[in-house]
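Have the structure open as you read.

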Amino acid sequence: MAADDIGQLADALSRTHVGDGELSYQGRGLKLDNAESVAGLVTEIAQYQGLRALRLEGNTIGVEAAQAIAKALEDKDQLQKCHWSDMFTGRLRAEIPTALRSLGSAITSAGARLSELDLSDNAFGPDGVKGIEQLLMSPSCHSLKVLRLNNCGMGIGGGKILAEALTECHRRSSALGAPLSLRVFIAGRNRLENEGASALAKAFKLLGSLEELHVPQNGINHPGIRALASAMQHNPHLRVLNLNDNTFTKRGALAMAQALRHLKNIQVINFGDCLVRTEGAMALSAVLREGLPILKELNLSFGEITEPAALLLAQAVLNKPQMEKVDLNGKHSDRILKVFYFCIIIYPNCSDDEGEPDDEDDDDDNETDEDDNETFEDEEKENLDEEEEHSKENGVNCNGNSPSSKLQSPVRK
């Protein structure tokens, strides 16, 4: 074999990962238009014994190429993972459903049982969801654990089609004694809006098996948020809840706070840029004080939260031993940082019902502490009356008193 041929073969092998049941063409930038262009790939798939994962992301695949690949998959009954994100760049939208139907039909014909399907970053819209509808309802997806459809432009129509497919999959799999137990659902940036989110919420409520839900940037307002909140109460194993950049407002935030009371396993809450606002933050702080024992991350950034509400949140997270990150960035983030300084550094026992200020410091320290916090007290005083009323409505107190009692400077004696 010529040296050039050996070099090309070595290069091809280094770029195509073969092993552990996975065959990868990830990020190759291949433009696969027809059967001829995909001949080498098809041969490798056909010859690969025990294929369990196929990575095609980062290439662009036409209808004829997809049909050729599908033919090679028809006997791959051990296939479990399809990593097929970003594989239709530059293709006409009308082509994509046909390509997806071919691939899906091959999987069902092979009798494969998928555990993971990733079609993210394929702008296929509602028609693309129709292209995977039959696959999602088939026995090949009765075993599905992870479904990734991020940034696919599904829209309201696609969300409804997807919800119906998941519901039907659950019905069929339940009839066979092994109901669909989807664990991870990712569908950010899909313009689901309230109708799409509400349709999916019904499916999630039926499933009851979610551990991670990611639906950021979907234009969902409080009706859709409330529907999702209701569904989450029926998914007790939920660990990650990411609704970033949707719009809660008061009604959505209060509904989500109520749902969180049922989620003892939650570890990550991302409600950043969701306009939870002050009342929502106070309701969430009450839930934090009473439960969520293993919470690790809390994001309420850019939610129009005022300083008194931030104080309640700061107090509420102090008793979380596994807490790693709290994000309250936003319009008043510099002043909110003072709240955390007040709670965590100056007065670390403010979340302890039995806690009292340290009695060992001298009078000079007392005078210094009061001077340092005088400005902070003046800034809070203006907004305090309104926030105290909201706090009482949500049952939130510190040491059994109103927030105003804790906004005063601690005195060290």
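## The cavity

Lining the largest cavity are Leu260, Ile269, Phe271, Leu284, Val287, Leu288, Leu292 and Leu298. A cavity here is a set of points on a 1 Å grid over the protein atoms alone where a 1.4 Å probe fits but cannot get out, and lining residues have an atom within 4 Å of a point. By class, that lining is eight nonpolar, no polar and no charged.

The space inside comes to about 40 Å³, and a search of the whole structure turns up one cavity of 30 Å³ or more.

## What you're looking at

This is a predicted model: local features need pLDDT of at least 70, side-chain atom pairs count only at pLDDT 80 or more, and totals for chains, interfaces and linings use all residues. Numbering starts from 1 along each chain as its sequence is written, and side-chain values use heavy atoms, leaving out hydrogens and water.

## H5 beside H6

Helix H5 (residues 125–137) packs with helix H6 (residues 155–175) at an angle of about 0°, their axes 9 Å apart. The two are therefore roughly parallel to each other (angles under 35 degrees count as such). On the H5 side, the contact (heavy atoms within 4.5 Å) includes Pro126, Val129 and Leu136; H6 brings residues including Ile161, Leu162 and Arg172.

Technical notes:
Axes fitted to C-alpha atoms, helices over the stretch in contact; angles between N-to-C directions. Helix = DSSP H or I, 4+ residues; strand = E, 2+ residues; numbered from the N terminus. Parallel < 35°, antiparallel > 145°, perpendicular 65-115°, else oblique. 1 Å grid on protein atoms, 1.4 Å probe; cavity = no way out; pocket = protein on both sides within 12 Å on 5 of 7 lines; lining within 4 Å. Points joined across faces, edges and corners; volume = space filled by probe spheres on them. Nonpolar A, V, L, I, M, F, W, Y, C, P; charged D, E, K, R; others polar.
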